[in-house]
Amino acid sequence: MRQASRACPLARHSTAAQRFATQVPRLARLPALVGLVLAQGLLAPVWADSGVGADTIMANTLTPRGRMPALERDEDGRGVTEHSRSPTGFLHGEPTVKPEWSKGQASDWLTRGGLEVGGLHISGDRKAAKFGEYQSTKQGLVLSNVWLEAERPDAALFFDLDAGSIGRHDQYMRASGGRYNAWRITGFYNETDHLFTSRYRNLWSGTGTDYLSLNPPLTAGPGAPTTGAQMGQLIGDTTLATPYSSLSVLRQKGGLRLDMRIDEGLRAFASVTSEKREGARPFGMLMGAFGGNGNMDIPESIDYDTHDLVAGLQWNRGLTSVNLQASASLFRNNVSTLTVENPMVINPANGLTRYPVGVFDLYPDNDAYNLKAEFAHAIPEWSRARFTALLSATRMRQNDDLIPYTTLPGAVVNGVAGGGWDTTASLSQKSAHARIDTRLADLGVALSPVDALDVKAKLRYYDTDNDSSYWACNPLTGQWGRLVNNGSFSSFATANIAPGVNPPGTAADAFDRMMCNLEAVRAMGLVPASGSVNIGSVPYAYKQTNAGVSADYRVGKGQNLSLAYERETFRREHRERAKTWEDRVKLGYVNRALTGGTLRVSLEQDRRRGSTYISDPYEEFFSASMGPLPTTTGSNMTSWIHVNDLHRKFDLADRDQMVLNLRYNHALRDDLDLMLSAQAKDQKYPSSAYGRSGHQRQNTLTLDLNWQPSAKTSVYGYLATQRSTMFQRNNHQNACVLGSTYYFYSDGSISTTPTPTPAQAAAGITVVGNSGQVTAANFATLCATASPTSPLFPTSRDWTASQKDRSNSVGIGAQHDFGRVLVDVNANYTRGRTGVSYTYDPVAMGRLTSGAPTPAQQTTVALIGSGFPDMIYEQRAIDASFVMPMTKNTKLRLLLRHEAGKIRDWHYDGVADNPAPTPPAQQIYLDAGPQRYDATMIGAFLQLSW
């Protein structure tokens, strides 16, 4: 839990300056959000689209189209004829009518706009987490939409405004103004409330701050004579008496963007955005050793600020274009550390008897800076050639202050006092000093050597330089390792003091005497007591190269055949494979000459291979690197073998993949479109005996219908289905002790004695093989690789997990203008089912006593296979909107939305009624999980336009 070194110091890049005053109304924060970013005075992050700095979609549940809903259709079409189609063959959506421009008597501005205001009522399970996951469930008066457009033709000036759900947690607004073909400034603000759970029983006060204090009757850090069983029971009873509450995070984001045309070929832009995330979410807390002797889910406080700034130039002259961008992205966590009062009884360890608090070092402040240049040039006389180039460099920095291993004074590790473990003097460095630099170069060329042939080639290079490291050694004592869980557990590398392993007189603290000089420790030639103590962080880095060529040939009128080849190469540091390469070949066919339809088909075949797979390349960061291997009889070699040699990680393993894509669009009639898309994907891991193995399949089919019989009527429908499977195999390790011989019995059990027990003999269980004696010379071969007679990884202790996912979605919707009322109705249904089945040998795993299984054991074994029920997600939703004209510029809109859903997840079975199922273990579950819900939203809104 409490770590001096952050395992992934640059895993998130984002920012914040300091906490905003929580008393300030949310709308008043927009100037503060923008002002904080401007105060940083830095350039901004590179983005791929021109929407940087101004969110491109402004909408929510009440106004899903982002503008006052259910506007009537324009029968004249505004230049679009009835049943007209796009170049790809799809029916155009019918345009809507906008109010005519109006002009003030004393102004040269033309204006038009509208607003919608009304009331909203929600009945049923409106507080259910899934129903309110990303929408506000606030009832009462609602200003659901405001829009305004203004122009001054004589000066070419304009202004646009869109806003919705003002004052609610899903509100949005965007304003844009400027001069046509000269400059534009855009500002926006929006909120999204992410509701994680509405069934959390909170035992603390101070949620959302940096200190969580227990509510009575619970007290922090109970010790003897209180027992874990007593405390587990008290926590369980207190949990049942605590009402449900919600944990959510509110995201508030605002920004400004300026676009300016400097001259005919030169444009500039700059943007600034600021995002604040504030609230809490469920988070796991573990105290004690290994699996802990106490765990519970606490509320993690969230108070993040992220500031993004970007500026750039876009230049175009004739056949040449150049883009330059500079960016900065800054993340600040206003809750750097979270202190939680601990109600659990934790076993004494490391000289400490009570643990009143746990401390979490949360995501660190960090910055990312980027420069990017893009170049494009066309040479028509060279087979209509076009060259493109992109260069980019990014620098990410994180130098957060590290915290001590524990907050509790007096910790004594392995009998050594004076470690100062509750001070930063116990750390090998006081701050993270983490840095990652990336570089990107992307070159491309496109040619048309003949009219019917297009050829493209590309070369892309990307690399990361990771200059981040931390070595876990206390400079005050020279001890290698760390305290974890606020000192309730420790993991330290010491010299092996077993007789005969090291020279006589070798002390357990022999490594400490080298005072954190790792080379000096290794020069001592002493065998460590364990090979699995983590002593350093791994600075992962990689280089990626993509090279490819493609050709598209017109084989006939409206028919094209394409072929593409690409090789992707990775060179990785500190990974199981130093190099992997993947070859991708894609064949495509497009037919636009079919009567009323378009067909697109592609087949892709990928093949990934790589250099020699080294199952454990991390030895230098573990205590195994501190000295030689043990050779003495009785030495347990398990900690020197960290993984089965036959296990393969799926991102590095050999993989064969085939992807078939099909898309067919057909105009069944002038007013009716059919769209069919399908994908079949198959992945195979031919060299993976363990890990993700066999075939992983995913098949998807989607069918869409779009019917537009008239300008007043439109109907749509869709059906989507997906099936996927995944299979994994692994091995639960046994033992590997020098001098031992392991005997394998006919029921899968394993023993170091060749004689069956009386119960085994009575059951007819016999010895069917043995490993031979494990020695210092053969243990690496004998134990490290899974086999029927491997002492450490016997195949009888294999287990498998198979997962099958099935999901179906169907929807239908219609809109029709009856004259007196405009009706818009949509209905959707989604159901997903995930089944997981397991296989293993219960005798080999020790779940059944060999020759004498008990009834309780047999009950557990009944869960093998498909003993756990499928997990199910189901949602039904109906939306209906009725708009009735009252006057020329006034309408009444009635809204109905009914939503129902259920989530069945066996992981949460029984938690609501029994949050502390095993009091002595103090395993406390405070989140009762998702719930079934059924909620109805009704509203009445007055629409005004001018």
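Tryptophan 421 and phenylalanine 492 are both buried, meaning under 20% relative accessible area, where over 50% is exposed and in between is partly exposed (1.4 Å probe, protein chains only). That is my starting point.

First, the ground rules. This is a predicted model, where local features need pLDDT of at least 70, side-chain atom pairs count only at pLDDT 80 or more, and totals for chains, interfaces and linings use all residues. Residues are numbered from 1 along each chain as its sequence is written, and side-chain values use heavy atoms, with hydrogens and water left out.

Now confidence. pLDDT is the predictor's confidence in each residue, from 0 to 100. The protein averages 90, and 91% of the residues score at least 70. Over residues 1-51, pLDDT stays under 50. The model has 178 contacts beyond four places in sequence for that stretch; a contact means heavy atoms within 4.5 Å.

Back to the rings. There are 13 aromatic pairs in the structure. Rings of Phe, Tyr and Trp (its six-membered ring) pair if their centres lie within 6.5 Å; planes under 30 degrees apart are stacked, over 60 edge-to-face, the rest tilted. Tryptophan 421 and phenylalanine 492 pair edge-to-face, at 5.4 Å centre to centre and 75° between the planes. Tryptophan 421 sits in the loop between β16 and β17, phenylalanine 492 in strand β20, so the pair ties together parts 71 residues apart in sequence. Strands here are DSSP runs (E, at least two), as helices are (H or I, at least four residues), numbered from the N terminus.

Next pair. Tryptophan 471 and phenylalanine 621 have ring centres 5.9 Å apart and planes at 20°, so they are stacked. They lie in two loops, β18 to β19 and β24 to β25, 150 residues apart. Is tryptophan 471 buried or partly exposed? Tryptophan 471 is partly exposed, at 29% relative accessible area. Phenylalanine 621 is buried, at 3%.

Two arginines also meet rings. A charge sits over a ring if NZ of Lys or CZ of Arg is within 6 Å of the ring centre and within 35 degrees of the ring normal. Arginine 112 sits over tryptophan 101, 4.1 Å from the ring centre. Arginine 648 lies over tyrosine 613, at 4.2 Å.

Last, helix α2. Its buried residues include Met231, Ile235 and Thr239.
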